[in-house]
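This briefing goes through one protein model, from overall dimensions to single residues. Please keep the sequence and the 3D view open while reading.

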Amino acid sequence: MKQLWRFAMAGAVLALASGPALAQTWPAKPVRMVVPFPPGGATDAAARIYAQHLGDFLGQGVVVENKAGAGGEIGAEYVAKSAPDGYTLLMGAVGSHAIHAAMPDKPGYDFATAFVGVSMATSMPMAVAVNSKVPAKNVQELIALAKSKPGTITFGSAGPGTSQHMAGELFQVVTGTKLMHVPYRGSGPAITDLLGGQIDMVIETLPALLPQVASGKIRLLGVTTATRATALPDLPTLMEQGVKDYSVATAYALLAPAGTPQAVVDKLSAGMQKAAAMPSVQQAAVKLGADAVATTPADTSRVLKQEIARWADVVRLSAAK
């Protein structure tokens with residue numbers, strides 16, 4: 001028993017000592033940052049904003065690798081089942097992954113336990129936009145219009161279970177309206193039909209909407225976040241317009257497989273926070289219609305838990321599938 005106790009104590013000492021030592025030797029090769037969506041999207045853009053600066057901080061390259069499919073779940077599952085050694089990371093869309101975790105048809109991994117939070121990356125407001133032929137000039141007029149014609153006002157989304165879809169479901173829950181959901185295979189087709197008048201409204205990310213505002217074919221009614229968007233300081237929030245308890249942002253976070261050594265997670269988080277403080281990173285985020293918002297691992301994990309709980313409630317109340 002004494003010998004077993006010595007082995008146990010020796011193992012504990014080695015474990016405590018290995019953390020700082022590992023942080024000093026890691027990384028010894030390039031790090032992969034997996035984006036579970038195609039190139040050119042908001043998640044991909046968030047990854048590429050940070051990758052070079054994070055690589056400079058680590059002294060090794062950070063390679064962005066796109067593994068798209070199943071609404072982001074193929075790439076996320078790939079990282080979740082990768083070795084927890086700090087060399088394979090996920091730039092995840094927090095809302096989408098949390099929503100999928102709450103759906104009846106769950107992905108092939110448990111989002112709540114498969115990852116540890118490293119750092120938030122960007123927070124991107126969404127906005128309520130209507131076709132210019134829709135008579136509503138503000139959110140309250142849109143609510144009144146929807147209540148006068150239940151189930152006839154159409155809202156498009158990037159697909160079932162996406163943040164855009166669930167933002168629309170939450171809108172219905174908190175406003176007591178009934179809309180008709182029209183799912184698309186991505187934001188692009190939904191915006192195209194909004195411009196053409198085939199659908200009445202969307203709740204969409206700013207990068208997808210801003211290039212279309214100048215056309216005069218769509219009208220922005222309000223942003224979905226608790227505070228006004230940096231890119232659109234004159235556009236009021238939904239809460240400012242009387243929609244209580246409505247605050248939605250498309251947030252992106254850097255995640256690592258569960259079991260990744262804490263020293264590695266802390267080092268990655270320090271690099272993300274240093275990058276987020278750089279003016280060039282902040283400016284690049286604003287051009288996307290986003291804000292650079294790096295956080296500690298503890299704060300990141302807290303956000304993940306909050307999002308999972310929140311969207312589980314919305315899925316339950318809306319009976320979304």
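Two strands are taken to pair if DSSP finds at least two bridges between them. On that basis, R32 stands opposite V63 in β2. The model is a predicted one. The protein has 12 helices and 10 strands. Its radius of gyration is 21 Å, close to the 20 Å that the globule rule gives for 321 residues, so the protein is as compact as a globular protein of that length.

**Overall dimensions and surface**

- Taken along the principal axes, the C-alpha atoms of the protein fill a box of roughly 80 × 45 × 30 Å.
- Buried residues make up 49% of the 321 residues of the protein.
- Among contacts in the protein with a separation of 6 or more, 76% are between residues 24 or more positions apart.
- The protein has an accessible surface of about 14,100 Å², and carbon and sulfur atoms account for 59% of that surface.
- There are 26 positive and 21 negative side chains in the protein; the centres of these two sets lie 2 Å apart.

**Strands β1 and β2**

- β1 spans residues 31–35, and β2 spans residues 62–66.
- The two strands run parallel and are joined by 5 bridges.
- Of the 5 residues of β1, 4 are buried, so β1 is largely enclosed by the rest of the structure.
- N66 lies in β2 and counts as partly exposed, because its relative accessibility of 26% falls between the 20% limit for buried and the 50% limit for exposed.
- Not counting residues up to four places away in sequence, N66 touches V35, F37, P38, P39, D44 and R48.
- N66 and A102 are 36 residues apart along the chain, and their C-alpha atoms are separated by 24 Å.

- T43 is placed in helix α2, which covers residues 42–58.
- With a relative accessible area of 5%, T43 is buried.
- Leaving aside neighbours within four places in sequence, T43 is in contact with V35, P36, F37, M91, G92, A93 and Y252.
- One of these contacts, G92, lies in strand β3, residues 88–93.
- G92 is also buried, at a relative accessible area of 0%.
- Apart from residues up to four places away in sequence, G92 touches T43, H97, A251, Y252 and A253.

**Strands β4 and β8**

- β4 covers residues 115–131, and β8 covers residues 218–223.
- The two strands pair in the antiparallel sense over 5 bridges.
- A129 has L220 in β8 as its bridge partner.
- In β8, 6 of the 6 residues are buried, so this strand is largely enclosed by the rest of the structure.

**Backbone geometry in loops**

- The peptide bond from W26 to P27 is cis, with omega near 0°.
- P27 lies in the loop between α1 (2–25) and β1 (31–35).
- D245 has a positive phi of about 60° although this residue is not a glycine.
- The loop that holds D245 is the one between β8 and β9 (249–257).
- D245 is exposed, with a relative accessible area of 68%.

**Helix α12**

- K305 lies in helix α12, which runs over residues 297–318.
- At 61% relative accessibility, K305 counts as exposed.
- From C-alpha to C-alpha, K305 and H165 are 20 Å apart in space, and they are 140 residues apart in sequence.

Technical notes. Residues are numbered from 1 along each chain as its sequence is written. This is a predicted model: local features need pLDDT of at least 70, side-chain atom pairs count only at pLDDT 80 or more; totals for chains, interfaces and linings use all residues. Side-chain values use heavy atoms; hydrogens and water are left out. The radius of gyration is taken over C-alpha atoms; the globule rule is 2.2 Å times the number of residues to the power 0.38. Buried means under 20% relative accessible area, exposed over 50%, partly exposed in between (1.4 Å probe, protein chains only). Contact means heavy atoms within 4.5 Å. Accessible areas come from the Shrake-Rupley method with a 1.4 Å probe; for residues, only the protein chains shown count as cover. Lys and Arg count as positive and Asp and Glu as negative; His and the chain ends are not counted. The place of a charge is taken as NZ of Lys, CZ of Arg, CG of Asp or CD of Glu.
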